[in-house]
Amino acid sequence: MTQAPSSAIVIGNGVVGLACAIALQRRGIATTLVAPDQPWRGASWGNAGHIAIEQVEPFASPTLLLSLPRRLFWRGGPVGLPPRAIAAWLPFALKLVRASTPARFSRGKAALGAILAEAMPAWRRLLTDAGATALLREAGHVVVWESVATAAAGLARWRAADTGSARFDMVSPDGLAELQRLTRAPLAGAIRFRGSGQITDPAALGEALYARFRALGGCERHARATGVTGTIGAKVTLDQGIALTADLALIAAGAASAPLLAPLGLKVPLVAERGYHIEGAATDWPVDAPPMVFEDRSMIVTRFTHRLRAASFVEFARAGDPPDPRKWDRLHAHVRALGLSLGEPANEWIGARPTLPDYLPAIGLLADAPAIAYAFGHQHLGLTLAAVTGEAIAALAHREAASIDLSPFDLARFT
Ligand SMILES: Cc1cc2nc3c(=O)[nH]c(=O)nc-3n(C[C@H](O)[C@H](O)[C@H](O)COP(=O)(O)OP(=O)(O)OC[C@H]3O[C@@H](n4cnc5c(N)ncnc54)[C@H](O)[C@@H]3O)c2cc1C
């Protein structure tokens, strides 16, 4: 493909695929969105809603390796390495270790820092265009600790961390007393970030993005893509036994993206990094309270328009493996210990973050099949990075320079 495409097929209707589909359609490329299910049942619906521009440091780091033993689930931590899924996570873990050298960590941090710096402006542009600016609240977030020791250690960690364009302040004693009214667990310290934010309602975000895509003239196809080829034009085969053709195909199927690339000779080390949430009707949690990270519990609590959600856990497995109910039990126990009210019964949800071993996304065009683009692997930051990824994909499609250097996100790094 040497000229800008006039048509495109986007595979996957998560927040990343949808943001890309809107960006392509807006730039005059007739786009068809292919996905099997209703919008927003995957990770894009169940996430914590946090626009986390402060998470500049990739998890693949020397610090992560040192802290891993005490972060394991059976020791009370968030990291699950289920023995029955060892074939899924062991090869990933070995690659993660290789990606955690100081030099690679430093390069990853520079790459994530550059794309995260554009994340919030890109969301403002996308939601302004969609007429849905109220869905983005730029009021930062709060991190709290429940003991003097964990507050001192946590504060030291954040002071040493690169937080990109986000900044934080210590919460004053008066501010801490205010936060204390939200929970019965004693709070020993807190910091408040500026520059980060939240999506106020993930379901409404999905509806607003779909509405914008349709209003721009985008088409939809309810089907599962089973194969993609793309040397001159792109061809996407569907489980309905037919094929669609276009000038460009974009693989944005989240944690299910790798099997679409395998027949093209690309073995992508993508893992389903599963997270859990419980959620209920928000009662006494203030509607304008920012997302609150209970760092000692590795849990984030987010107030959405009508709901309160508590999310946690990183469980390395296959996307289709059965959930581990002990994780919901632990979330319920945390919520009880904090004295939060979710109403009864709270919904329980599991979903898969699409994660690559160096904790950088994959955004680019395939060198050997240039009619195929890809945008997946956004790990814990898919909501945060969706809008900027859409802009980057539209620029790539038009053979323009993206506003950020995309070379660190090229899949060639795994060949
Ligand atoms: C508990 C939890 C909390 C999180 N919190 C945050 C947060 O606060 N902030 C943040 O930025 N990120 C967060 N994340 C990460 C974020 O949710 C993900 O990175 C993001 O949703 C990934 O989006 P996606 O569009 O790539 O994938 P998905 O949302 O998984 O969407 C992929 C879509 O592709 C479709 N699909 C799959 N296979 C095919 C196929 N063959 N053909 C067609 N369609 C297909 C699926 O149906 C699905 O709808 C969190 C994740 C979890 C699990």
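In this predicted model, the shell around the ligand draws at least two residues from each of several elements: the helices α1 (15-26), α2 (43-46) and α12 (382-397), and the strands β2 (30-35), β15 (271-281) and β19 (347-355). In total, 41 residues surround the ligand, and the closest are Gly12, Gly14, Gly254, Gly275 and Gly382.

The position of the ligand follows from the domain arrangement. The protein is divided into domain 1 (7-44 + 203-267 + 359-414) and domain 2 (57-101 + 127-197 + 270-354). Because both domains give residues to the shell, the ligand lies between them.

The C-alpha centres of domain 1 and domain 2 lie 27 Å apart. Their contact takes 20 residues from domain 1 and 15 residues from domain 2. On the side of domain 1 that touches domain 2, helix α9 (residues 202-215) supplies the largest share, 5 residues. The residues of that side of domain 1 comprise 11 nonpolar, 8 polar and 1 charged.

Attention now turns to an open sheet. Its 6 strands follow the order β10-β2-β1-β14-β21-β20, with mixed pairing. The edges are formed by β10 (219-222) and β20 (362-365); each has a single partner strand, so one side of each is left without a neighbour in the sheet. On average, neighbouring strands of this sheet are turned by 20° against each other, direction ignored.

Helix α1 lies across β1 (7-11), β2, β14 (248-251) and β21, and runs at about 165° to β2. Both α1 and β2 also contribute to the ligand shell.

Technical notes. Residues are numbered from 1 along each chain as its sequence is written. This is a predicted model: local features need pLDDT of at least 70, side-chain atom pairs count only at pLDDT 80 or more; totals for chains, interfaces and linings use all residues. A residue is near a molecule or strand if its C-beta atom, placed from the backbone, lies within 6 Å of it. Helices (H or I, at least four residues) and strands (E, at least two) are DSSP runs, numbered from the N terminus. Domain bounds come from an automatic or database domain assignment. Two residues are in contact if their C-beta atoms, placed from the backbone, lie within 7 Å. Ala, Val, Leu, Ile, Met, Phe, Trp, Tyr, Cys and Pro count as nonpolar, Asp, Glu, Lys and Arg as charged, and the others, Gly among them, as polar. Two strands pair if DSSP finds at least two bridges between them. Axes are lines fitted to C-alpha atoms, for helices over the stretch in contact, and angles run from 0 to 180 degrees between N-to-C directions.
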